Amino acid sequence: EEDAGVYTCVCGDQQTTAKLTVNALPALFKQELQDAEAEESGTVTLRCELTKPKAPVEWRKGDVTLYPGVKYQMRQQGCAAELVISDLELDDS
């Protein structure tokens, strides 16, 4: 997408200009989330992989959006996205 813009070819005192529009492809899941089991008070990491690096992701539990903090850590490197849940409780199921 960052290649979009106005390009110009100059030859002497003449020039021609064109606008380039880049249509973004959607990010798809290359590797989906897998079910996990963990012990109470432990830590678990949920991981998925996308087809586009650094694609924006949002983590949810049911309909509730999760945000980084002491309980939840979100990591994203390249195409991989991870959610780390610490100090697990039964309510985290």
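User: Does Arg 47 count as buried, partly exposed or exposed, and at what relative accessibility?

Analyst: Buried means under 20% relative accessible area, exposed over 50%, and partly exposed in between (1.4 Å probe, protein chains only). Arg 47 counts as partly exposed, at 32% relative accessibility. This is a predicted model, in which local features need pLDDT of at least 70 and side-chain atom pairs count only at pLDDT 80 or more, while totals for chains, interfaces and linings use all residues. Residues are numbered from 1 along each chain as its sequence is written, and side-chain values use heavy atoms, with hydrogens and water left out.

User: How many salt bridges does a search of the whole structure find?

Analyst: A salt bridge is a side-chain nitrogen of Lys or Arg within 4 Å of a carboxyl oxygen of Asp or Glu. The search finds six. Among them, Arg 47 pairs with Glu 49 at 3.8 Å, N to O, and Arg 75 pairs with Glu 82, with the closest N and O atoms 2.9 Å apart. Arg 75 is partly exposed at 43% relative accessibility, whereas Glu 82 counts as buried at 18%.

User: Which residues are linked in a network of salt bridges?

Analyst: The network links Lys 30, Arg 47, Glu 49, Arg 75 and Glu 82.

User: Which residues make up the largest nonpolar core?

Analyst: A nonpolar core is a set of buried Ala, Val, Leu, Ile, Met, Phe, Trp, Tyr and Cys residues joined through side-chain atoms within 4.5 Å. The largest one here has nine residues: Val 44, Cys 48, Trp 59, Leu 66, Tyr 72, Ala 81, Leu 83, Ile 85 and Leu 88.

User: With which residues is Leu 66 in contact, leaving aside its neighbours within four places in sequence?

Analyst: Contact means heavy atoms within 4.5 Å. On that basis, Leu 66 is in contact with Trp 59, Arg 60, Lys 61, Tyr 72, Met 74 and Leu 83.

User: How many disulfides does the structure hold?

Analyst: A disulfide is a covalent bond between the sulfur atoms of two cysteines. The criterion is a pair of cysteine sulfur atoms within 2.5 Å. The structure holds zero disulfides.
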